[in-house]
Amino acid sequence: SLNVSLVIPDVQVYLEETQPKHRTRTKRNFEKDNSSDDLEYKYDEYNSAANINKELYRLSRQYPLLTRLISIGQTHAKRTLCVMEITSLKGNKRTKPVVWVDGGMHAREWITITSAMYLIKQLLEGYNVNPQITELLDNVK
C-alpha cells in the first residue's frame with residue numbers, strides 16, 4: 001500500500017503566485033543582460049528563461065575549452081534558443097559519438113530544464129576531477 005499526499009494542487013497557480021513577473025526581453029537587452037556574472041542561478045527551483053540563458057552564457061565563459069554555446073533560433077516570443085555542446089579537446093570531434101540531453105520540450109516541464117542544467121554543471125565541474133566524467137567528455141560529444 002502506497003501513501004500519497006498532494007502537496008501542491010496546481011503548480012501553475014503556485015508559480016504565478018510565488019514568482020516575480022518577468023519583463024519581455026528584446027534581443028538587444030537579452031545580450032546586455034547576459035553580460036553580467038552576478039547572477040546566482042538556483043538549481044533547485046524554477047528559473048526564468050532569461051536566468052537559464054544567463055547561466056548558460058556564464059558557464060560557457062567559465063569553461064571555454066569544454067563548451068560551445070550555439071543559438072538555434074528564437075521562440076515565438078522572440079527569446080533566444082540555445083544549445084550547449086560539451087566535449088573536451090581530446091579526440092576527433094567529428095567522429096565522437098553524440099549524446100543529446102533535452103530540457104523544456106513541453107510547457108510546464110520546468111523540472112526537465114533544471115535537470116538538464118544540473119547535468120551540465122556536474123559535467124563541467126567534474127571534468128579533470130572525476131575520472132568517469134573526464135573519460136566521458138574525452139570520448140563523447
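In the predicted model, R68, E85 and K141 are linked in a network of salt bridges, a salt bridge being a side-chain nitrogen of Lys or Arg within 4 Å of a carboxyl oxygen of Asp or Glu. Helices (H or I, at least four residues) and strands (E, at least two) are DSSP runs, numbered from the N terminus. K141 is partly exposed, with a relative accessible area of 26%, whereas E85 counts as buried at 12%. Buried means under 20% relative accessible area, exposed over 50%, and partly exposed in between (1.4 Å probe, protein chains only). As to R68, its C-alpha atom is separated by 9.7 Å from that of Y57, 11 residues apart along the chain. Y57 is placed in helix α3 (residues 49–62) and is partly exposed, with a relative accessible area of 26%.

Residues are numbered from 1 along each chain as its sequence is written. This is a predicted model, in which local features need pLDDT of at least 70 and side-chain atom pairs count only at pLDDT 80 or more, while totals for chains, interfaces and linings use all residues; side-chain values use heavy atoms, with hydrogens and water left out.

The structure holds five salt bridges. One of them joins D138 to K90, with the closest N and O atoms 3.9 Å apart. D138 lies in helix α5 and K90 in the loop between β2 and α4, so the pair ties together parts that are 48 residues apart in sequence. D138 is buried, with a relative accessible area of 13%. A further salt bridge is formed by E55 and R58, whose closest N and O atoms are 2.8 Å apart. Both residues lie in helix α3, three residues apart, about one turn of the helix. An α-helix has 3.6 residues a turn, so residues three or four places apart point the same way. E55 and R58 are both buried.

The side chain of D138 also makes a polar contact with the side chain of S88 (2.6 Å). A polar contact is a pair of N or O atoms within 3.5 Å; within protein, one must be able to donate a hydrogen and the other to accept it, and residues adjacent in sequence count only if both atoms are side-chain atoms. S88 is placed in the loop between β2 (80–86) and α4 (110–126) and is buried, with a relative accessible area of 1%. Leaving aside neighbours within four places in sequence, S88 is in contact (heavy atoms within 4.5 Å) with L66, K96, Y127, L137 and D138.

In helix α5 (residues 131–139), the residues I133, T134, L137 and D138 are buried. These four cover an arc of only 130° around the axis, which puts them on the same side of α5; the arc is that of the directions from the helix axis to the C-beta atoms. The buried residues of α5 pack against β2 and α4. On the face turned away from this buried side are the exposed residues P131, Q132 and E135. At the start of α5, a side-chain oxygen of N130 reaches to within 2.8 Å of the backbone nitrogen of Q132.

The largest nonpolar core has 16 residues, and those with the most contacts inside it are L59, M84, I86, M117, I120 and L124. The elements giving two or more residues to this core are α3, β2, α4 and α5, and the largest share, four residues, comes from α4. A nonpolar core is a set of buried Ala, Val, Leu, Ile, Met, Phe, Trp, Tyr and Cys residues joined through side-chain atoms within 4.5 Å. Apart from its neighbours within four places in sequence, L59 is in contact with Y43, T67, M84, I120 and L124.

For the protein as a whole, there are five helices and two strands, following the pattern α-α-α-β-β-α-α along the sequence. Of its 141 residues, 31% count as buried. Residues 24 or more positions apart account for 49% of the contacts with a separation of 6 or more. The accessible surface comes to about 10200 Å², of which 54% belongs to carbon and sulfur atoms; accessible areas come from the Shrake-Rupley method with a 1.4 Å probe, and for residues only the protein chains shown count as cover.
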